[in-house]
Amino acid sequence: MANTGQTLLVTVSDVDDPPVNITNGPLQYTYRFSEIILHWGKEKDRPGSEHSINHHSFPAEVQIYGYNSDLYSNMSVAR
C-alpha cells in the first residue's frame, strides 16, 4: 500500500502474496487483481472521481486493475 500524493495505491504481487481472483458466475476465465487505486476529493464540493456518469462526478472512485490469469502469466504480459 502506498500514498502516491494523489491517490492510495494497493498493489498485489504476483510472487509474494496469495492471488486475489474473481471467478465463476458469468465469467469464463479467472481474473487476478494486480492493483486497486482509490481516488477521492479533498473538499466537500469538489468531486474526487476521475470518471463521470451522465456528466455527474462522485466524491470518490475505486479502480481495480487485473488480468486474465488463464491466458496471461502476469500483468506485464497481459498489458
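This is a predicted model: local features need pLDDT of at least 70, side-chain atom pairs count only at pLDDT 80 or more; totals for chains, interfaces and linings use all residues.
A polar contact is a pair of N or O atoms within 3.5 Å, and within protein one of the two must be able to donate a hydrogen and the other to accept it. The side chains of His39 and Gln63 form a polar contact at 3.3 Å. His39 belongs to strand 4, which spans residues 31-40, while Gln63 belongs to strand 5, which covers residues 60-68.

Both partners can be classified by their accessibility. His39 has a relative accessible area of 10% and is therefore buried, because buried means under 20%. Gln63, with a relative accessible area of 11%, is likewise buried. The side chain of Gln63 also takes part in a polar contact of 2.9 Å with the side chain of Glu61. Leaving aside residues up to four places away in sequence, His39 touches Thr7, Gly48, Glu50, Pro59, Ala60, Glu61 and Gln63. With the same exclusion, the contacts of Gln63 are Glu35, Ile36, Ile37, His39, Glu50 and His51.

Although Val62 and Leu38 are 24 residues apart along the chain, their C-alpha atoms are separated by 4.7 Å. Beyond residues up to four places away in sequence, Val62 touches Ile36, Ile37 and Leu38.

Strand 2 and strand 4 run antiparallel and are joined by four bridges; Val10 has Ile36 of strand 4 as its bridge partner. Strand 2 pairs in turn with strand 1 (residues 2-3), again in the antiparallel sense, over two bridges. There, Asn3 has Leu8 of strand 2 as its bridge partner. The hairpin of strand 1 and strand 2 has four residues between the strands, and within this hairpin Gly5 adopts a positive phi near 95 degrees.

Most residues other than glycine have a negative phi. Against that background, Asn24 has a positive phi near 70 degrees, and His55 has a positive phi near 65 degrees. Asn24 is located in the loop between strand 3 and strand 4, whereas His55 is located in the loop between strand 4 and strand 5. Asn24 has a relative accessibility of 57% and so counts as exposed, the criterion being a value over 50%. His55 is exposed as well, at a relative accessible area of 79%.

Another loop, between strand 2 (8-11) and strand 3 (21-22), contains Pro19. The relative accessible area of Pro19 is 44%, and Pro19 is therefore partly exposed. Pro19 and Thr4 are 15 residues apart in sequence, and the distance between their C-alpha atoms is 23 Å.

Ile22, Leu27, Tyr29, Tyr31, Leu71, Tyr72 and Val77 make a nonpolar surface patch of about 590 Å². One of these residues, Leu71, lies in the loop between strand 5 and helix 1 (75-78). Leu71 counts as exposed because its relative accessibility is 51%, a value to be read against the cut-off of over 50% for exposed residues.

How values were computed:
Residues are numbered from 1 along each chain as its sequence is written. Side-chain values use heavy atoms; hydrogens and water are left out. Buried means under 20% relative accessible area, exposed over 50%, partly exposed in between (1.4 Å probe, protein chains only). Contact means heavy atoms within 4.5 Å. Two strands pair if DSSP finds at least two bridges between them. Patches are made of residues with over 30% relative accessible area and no salt bridge: like charges are joined within 9 Å, nonpolar side chains (Val, Leu, Ile, Met, Phe, Trp, Tyr) within 5 Å. Accessible areas come from the Shrake-Rupley method with a 1.4 Å probe; for residues, only the protein chains shown count as cover. A salt bridge is a side-chain nitrogen of Lys or Arg within 4 Å of a carboxyl oxygen of Asp or Glu.
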